[in-house]
Amino acid sequence: MIKKTLSATSAGETATTTRATFDHVRVTGATAGTWVGETIGHTNVKLPALGSSTQAGRVFTVTGSGTIGSGEGPDDPIQNSLFGLFFGVLVLIPVAVLFMTSEYRRPLILATFGASPRRRRVLAAKAAVIGAASFGTGLAAALATYLVARPLFQARGFRPPAFAYTSLDQPAVLRAVVGSAVLVGALGVLSLAVAALVRRGAATIAIVIALFVLPVFVAAPLRLTAARWLVALTPAGGLAVQRTKPPTGTLAEPWSMLSPWLGLGVVCGYAAVALVLAMWRVERRDA
Amino acid sequence: MTRALHAEWTKLRTVPSTGWLLLGTMAAKVGVGAAIAGAIHLPACRPGAACPADITRLALYGTRDGQVTVAVLAVLAVTSEYATGLVHLTLAATPGRYQAFGAKAAATVLAAAAAGVGAVTAAVAVGAWIFAERGYTPSRGYGLSLTDPATLRAGVGTVIYFGLVALLAAGIAAAVRGGAAALSTVLALLFAFPLAAALVTDATWQRRLHQWSPTDAGLNIQATTGLAHLPLTPWTGLAVLAAWAAAAAVLGALVFRYRDA
């Protein structure tokens with residue numbers, strides 16, 4: 001059960017027990033033997049007792065907790081496990097910002113521009129360094145997260161037949177893991193570029209955090225269409241790349257409504273535009 | 001103390017960024033509140049029944065955004081002195097370090113609270129107008145006015161909330177001293193809890209995170225409906241934020257007192 005209420009911005013899952021009765025079950029064609037039942041689903045000890053099924057003639061009564069029928073529902077264990085990168089990014093942003101603004105605080109920037117007077121090239125080099133460093137860190141973190149979280153999720157019920165088997169050689173899983181790293185790299189470049197434009201460390205961090213974090217909170221009480229627009233137009237939507245299942249509006253995370261490539265494209269677009277602006281500005285403004 | 005306070009107030013008032021940041025606080029708060037009032041679809045309110053939607057809280061929703069500029073203001077008020085070396089002059093003029101830090105914290109809190117008064121008044125006025133335009137009228141059970149005791153409590157509480165966030169940020173800034181590091185710490189403290197709570201599916205832990213978070217606990221003060229279902233009562237929630245702010249202020253004051261400037 002996903003609760004989307006106006007007084008709280010959280011969503012939680014609560015197990016409920018339900019009963020379904022199937023009467024007049026018929027088999028057409030020839031059969032051999034009797035009905036065979038199997039209990040599937042998770043074995044989380046905190047949930048109520050697992051379901052049961054009884055048969056009386058041609059009437060079957062199924063009682064239990066969870067999804068009855070085909071389809072896995074919107075929950076995505078890959079997306080959930082990779083979400084921790086969000087907190088890693090909160091640490092990365094100041095690192096990328098300080099990489100630029102600390103040059104201005106101690107006038108190291110004068111020496112830097114003295115050594116290489118073509119300023120756009122300096123900025124491009126700094127962007128390449130921070131982009132590669134954050135991409136590499138992000139990739140290592142995403143891979144490690146996936147490898148550690150996968151068996152844990154499986155142990156807690158996210159396994160076949162209720163949930164599909166996942167593997168790194170599946171395109172969607174690979175896209176989520178590598179895409180998370182690209183997201184981290186793009187946010188590093190975005191932070192650096194905004195820092196080159198603004199030059200003040202604290203102000204830059206406030207701007208980047210506002211672009212990346214605040215839309216999540218503002219989207220919470222909005223209608224789905226408005227929330228979708230908000231995350232589609234801000235870097236917060238980039239987290240959509242962590243999703244391996246089709247977009248959905250039923251989850252608490254507003255970026256779940258975007259397609260992965262749209263979300264990643266928005267972040268890369270922000271980073272590219274900010275970098276171009278910064279290159280244009282750094283040529284014209286005194287260091 | 002009056003002189004120290006006057007000095008800190010002058011320093012804060014005469015820096016151009018202060019005005020812009022306070023203006024930004026108000027703009028963020030009013031803008032987000034107006035955007036939500038315009039974009040939200042509320043359930044119909046049955047006559048005689050208590051309305052399910054809390055339009056006071058929705059009109060004040062921009063607090064989460066406005067607090068970012070408040071934090072920037074408070075962090076810069078402390079750390080810019082270290083960046084420029086002004087802190088040596090400050091301490092020469094006011095050798096009592098607790099006094100100097102207290103005056104700075106007080107000036108910052110006052111500025112944040114002043115911006116809060118403007119922001120809350122404007123957000124309630126703009127929210128009342130937009131909600132009424134969209135049909136959420138008193139005749140249908142929706143009403144937004146500061147004369148309503150619950151709304152007044154939410155508004156006053158929001159002003160105090162801004163002041164406490166400023167105190168929290170000033171304390172952390174005095175402990176950390178670097179502007180970027182201090183602001184990151186403050187923003188992480190403000191935003192990490194609610195994000196973690198959104199991720200955790202265990203209801204007990206989710207409730208705990210909402211109770212411990214300075215942001216989530218403090219914002220309980222804005223609730224005017226469904227008070228029985230809050231993780232904390234409004235004033236207890238604000239007290240949680242006050243405890244965080246007090247702890248940060250004590251830490252900041254101690255570091256400021258015992259570490260070389």
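In the predicted model, 2 residue pairs are in polar contact across the interface of chain A and chain B, both at pLDDT 80 or more. In terms of residues, 29 from chain A are in contact with 35 from chain B.

On the side of chain A that touches chain B, the elements giving two or more residues are helix H2 (85-105), helix H6 (201-212) and helix H7 (214-219) of chain A. By class, this side of chain A has 20 nonpolar residues, together with 4 polar and 5 charged ones.

Over all chains, the whole structure holds 7 salt bridges. One pair is formed by A:Glu103 and A:Lys126, whose closest N and O atoms are 2.4 Å apart. This pair links distant parts of the chain: A:Glu103 belongs to helix H2 of chain A, whereas A:Lys126 belongs to helix H4 (residues 119-155) of chain A, and 23 residues separate the two.

Within chain B, helix packing was considered for H2 and H4. The axes of helix H2 (residues 16-39) of chain B and helix H4 (residues 63-84) of chain B come within 7 Å of one another and cross at roughly 170 degrees. Because angles over 145 degrees count as roughly antiparallel, H2(B) is roughly antiparallel to H4(B). From H2(B), the contact draws on B:Thr18, B:Leu21, B:Leu22, B:Gly24, B:Thr25, B:Ala28, B:Lys29 and B:Val32. The residues contributed by H4(B) are B:Thr63, B:Asp65, B:Gly66, B:Thr69, B:Val70, B:Val72, B:Leu73 and B:Leu76. Taken by class, the residues of the contact of H2(B) with H4(B) comprise 8 nonpolar, 6 polar and 2 charged.

Key
Residues numbered from 1 in each chain as written. Chains lettered and ligands numbered in written order. Predicted model: local features only at pLDDT ≥ 70, side-chain atom pairs only at ≥ 80, totals over all residues. Heavy atoms only, no water. Axes fitted to C-alpha atoms, helices over the stretch in contact; angles between N-to-C directions. Helix = DSSP H or I, 4+ residues; strand = E, 2+ residues; numbered from the N terminus. Parallel < 35°, antiparallel > 145°, perpendicular 65-115°, else oblique. Contact = heavy atoms within 4.5 Å. Nonpolar A, V, L, I, M, F, W, Y, C, P; charged D, E, K, R; others polar. Polar contact = N/O pair within 3.5 Å; in protein donor to acceptor, adjacent residues only side chain to side chain. Salt bridge = Lys/Arg side-chain N within 4 Å of Asp/Glu carboxyl O.
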